Amino acid sequence: MTTGSSSTSRPTAAGISTYLGHERALRADRLGTGGLLLSVLAATAPLMVVAGVMPTTFAVMGIVGQPLLFVLLGVVLVLFSVGYAEMSRHVHNAGAFYAYISRGLGGTAGAGAALVALVAYNALQVGIYGIFGFEVSGLFATYAEIEVAWWIPALAAVAVVGVLGWLKIDVNARVLGVLLVIEVLLVAVFDIAAVADPGAEGLSLHAFDPGTLTGAGVGTALCFCIAAFTGFEQAPVYAEETSRPHVLVPRVMFLAVGFVAVFFAISSWAYTVAAGPSQIVGTAQKQSAGLLFFLTESRLGGTFTDVLHVLFVTGMFAALLSFHNVVARYAFAMGREGLLPAAFGRTNTTSGAPGTGSLLQSAVSAVIVLAFAIADDKPVGDPTEPVLHLFTWFGNIGALGVILLMAAASLSVVVFFVRRGAAGAQAWRLVTSVLAGLALLVIAGYTVKDFDVLVGAGPGSSLSWLLPGIIGLALAAGLVQGLVLRARAPERHARIGLGNEAFQLEKAASS
């Protein structure tokens with residue numbers, strides 16, 4: 001039986017979504033397939049991945065077969081999505097990951113997953129402020145000859161994102177949609193230009209040769225590339241704000257992971273075509289993060305490259321807004337179910353957005369950006385603090401958390417359907433969940449093992465265990481909170497993961 005938002009009472013003329021009042025529920029019918037898909041894809045930041053992640057993977061790991069990696073990871077994540085999407089037909093909750101995990105593995109595990117999700121998505125969002133501020137600072141220096149410290153545009157972005165976070169989600173979706181479509185079109189133009197004007201080795205398919213996936217850097221390259229997919233799994237977070245969540249959420253998830261896998265595979269292959277498979281690693285090492293702009297300038301001219309620089313920044317802004325919305329909804333779901341103070345479980349009376357959760361995310365962002373700004377003793381234009389520290393450290397912390405959440409969600413899908421006697425009917429979905437879960441655990445293992453490489457620290461650096469330890473600490477704290485609730489407040493513990501369904505249970509109990 002479908003549970004979650006589908007079991008809530010129908011809205012009245014006054015817009016009341018639950019018997020406790022409209023401020024305790026997200027507004028339904030705000031997002032259709034298009035709006036939901038754009039909100040999800042914006043978090044993947046296509047241009048940031050193409051201009052940032054891909055050159056780094058070529059240069060640092062020396063893996064020519066990056067396009068094949070995207071295809072393989074796409075297969076793994078499609079396998080993951082099969083069970084995850086089926087679960088989304090039964091559970092409609094803005095808590096997404098932790099709601100699914102609590103339905104399968106119990107409220108205590110759900111509490112642990114909730115805090116991991118809150119920390120991981122906050123880390124992903126805050127980390128982007130570092131590279132955003134650095135790139136905007138670079139634009140001022142290049143085009144206006146003005147020196148601006150990176151943290152000034154970063155804090156300005158915190159304020160703008162915070163304001164947008166208070167608006168209706170469909171307004172946010174339109175903003176994200178415009179920015180996303182433009183950056184995807186520009187990358188597609190580069191792909192076409194590379195194919196039309198290939199390097200000396202022509203239209204080589206060497207990058208799809210399995211023999212290119214050899215060497216010590218493959219595991220680390222897996223970690224880099226799977227981080228590029230982060231965002232597709234966010235569709236269930238918006239389930240309560242869609243008209244038909246049992247239809248739209250699974251549809252958007254498959255569309256998102258399919259698009260991302262194909263788009264990134266083609267774009268990374270275009271790199272190898274433009275530079276040549278035998279030259280791409282050396283060229284990436286020489287050009288670093290300027291690889292895309294170096295290759296476009298010779299084919300598409302300086303004006304196109306200048307526009308690409310600007311859209312690189314707006315694409316990051318879209319990702320900031322998308323992750324901000326996700327964090328705000330996780331905080332809302334946790335407040336509604338007693339894992340955070342009740343104030344977080346309320347929405348704005350005008351826009352229906354989770355305002356308190358939005359404020360929390362903005363406050364966390366501002367504090368962390370200010371902390372890194374104070375620690376920055378380098379001259380303006382130096383990338384150490386904003387990019388090599390803030391962006392790299394927090395991005396990898398967040399990616400590790402999301403990978404572990406996906407692995408746990410795969411297990412919870414199996415347990416959820418087995419406990420309900422549906423193992424036979426869902427057998428093939430359970431098999432795909434097991435396969436995906438095992439693959440994700442392997443990738444998580446590589447991520448922890450190679451964390452020093454991922455964050456650019458030395459082999460003996462304490463960062464190699466301190467940074468991933470943040471996710472471990474969040475998990476431990478969440479599990480302790482769950483155990484305490486089970487012992488001292490069993491009624492609150494029983495609500496973990498129920499979402500709006502808990503309101504109906506309370507209503508039935510009170511009557």
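The model I am working from is predicted. For a disulfide I need the two sulfur atoms within 2.5 Å. I then searched the whole structure and found 0 disulfides. Cys223 is accordingly in none, with the sulfur of Cys225 as its nearest cysteine sulfur. I also looked up the burial of both residues. Cys225 is buried, at a relative accessible area of 0%, and Cys223 is buried as well, at 5%.

Next entry, the core. I asked which residues touch the most other members of the largest nonpolar core. They are Phe97, Tyr121, Tyr271 and Tyr330, in a core of 160 residues. Helix H11 (residues 291-336) supplies the largest share of this core, 22 residues. I noted that nonpolar side chains tend to be buried together in soluble globular proteins.

I took Tyr271 from that list and wrote down its contacts, leaving aside neighbours within four places in sequence. Among them are Val50, Ala51, Met54, Pro55 and Phe58, along with Phe190. The list also includes Gly276, Ile280, Leu291, Leu292 and Leu295.

H4 covers residues 96-105, and because 9 of its 10 residues are buried, the helix is largely enclosed by the rest of the structure. Just after H4, I found Gly106 with a positive phi of about 105°.

I then checked Phe344, which sits in the loop between H11 and helix H12 (355-375). Is Phe344 buried or exposed? I have it as buried, because its relative accessible area of 15% falls under the 20% cut-off. With neighbours within four places in sequence left aside, Phe344 is in contact with Ala331, Phe332, Gly335, Thr356, Gly357 and Leu360. I also looked up Ala328, 16 residues from Phe344 along the chain; their C-alpha atoms are 8.8 Å apart.

Last entry, the surface. I found a nonpolar patch of about 340 Å², made by Leu404, Val434, Leu438 and Leu441. Helix H14 (residues 427-449) gives the most to the patch, with 3 residues. Leu404 is in helix H13 (residues 384-419). I recorded Leu404 as partly exposed, at a relative accessible area of 34%.

Notes: Residues are numbered from 1 along each chain as its sequence is written. This is a predicted model: local features need pLDDT of at least 70, side-chain atom pairs count only at pLDDT 80 or more; totals for chains, interfaces and linings use all residues. Side-chain values use heavy atoms; hydrogens and water are left out. A nonpolar core is a set of buried Ala, Val, Leu, Ile, Met, Phe, Trp, Tyr and Cys residues joined through side-chain atoms within 4.5 Å. Buried means under 20% relative accessible area, exposed over 50%, partly exposed in between (1.4 Å probe, protein chains only). Helices (H or I, at least four residues) and strands (E, at least two) are DSSP runs, numbered from the N terminus. Contact means heavy atoms within 4.5 Å. Patches are made of residues with over 30% relative accessible area and no salt bridge: like charges are joined within 9 Å, nonpolar side chains (Val, Leu, Ile, Met, Phe, Trp, Tyr) within 5 Å. Accessible areas come from the Shrake-Rupley method with a 1.4 Å probe; for residues, only the protein chains shown count as cover. A salt bridge is a side-chain nitrogen of Lys or Arg within 4 Å of a carboxyl oxygen of Asp or Glu.
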